[in-house]
Amino acid sequence: MKTGSAETYRVFTRTWWRLNPAYPEGREPCPGPEHTLARRMTYEEARAFCLDWNARHKPGQLSRKAEFTQE
């Protein structure tokens, strides 16, 4: 992690769907709770972290993926 940067980013995962048989394909749009994976990263570090994490983890039926946001 680089220090002294004015902008830092938090990387997290969450699901984008929940199971609901009343919806098409049995999935209802519903962003789930965020689970932090890393903090205080630069934009480039956060982007690379998400790309790597998503490449190594299958999103599954509920589409669990890594994302990042400014802290």
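**Aromatic rings in this model**

Okay, let's start with the cluster: Y9, Y43 and F68 form one aromatic cluster. Just so you know, this is a predicted model, so local features need pLDDT of at least 70 and side-chain atom pairs count only at pLDDT 80 or more, while totals for chains, interfaces and linings use all residues. Residues are numbered from 1 along each chain as its sequence is written, and side-chain values use heavy atoms, with hydrogens and water left out.

What counts as a pair? Rings of Phe, Tyr and Trp (its six-membered ring) pair if their centres lie within 6.5 Å; planes under 30 degrees apart are stacked, over 60 edge-to-face, and the rest tilted. By this rule, we get three aromatic pairs.

Take Y9 and F68: their ring centres are 5.7 Å apart and the planes sit at 80°, so this pair is edge-to-face. Y9 is in strand 1 (residues 9-14) and F68 in strand 5 (residues 65-70), so the pair ties together parts 59 residues apart in sequence. Strands here are DSSP runs of E, at least two residues, and helices are runs of H or I, at least four, numbered from the N terminus.

Buried or exposed? Buried means under 20% relative accessible area, exposed over 50%, partly exposed in between, using a 1.4 Å probe and protein chains only. Y9 is buried at 10%, and F68 is partly exposed at 26%.

Next, Y43 and F68 are also edge-to-face, at 5.4 Å centre to centre and 75° between the planes. Y43 belongs to helix 1 (residues 43-56), and this pair links parts of the chain 25 residues apart. Y43 is partly exposed, at 41%.
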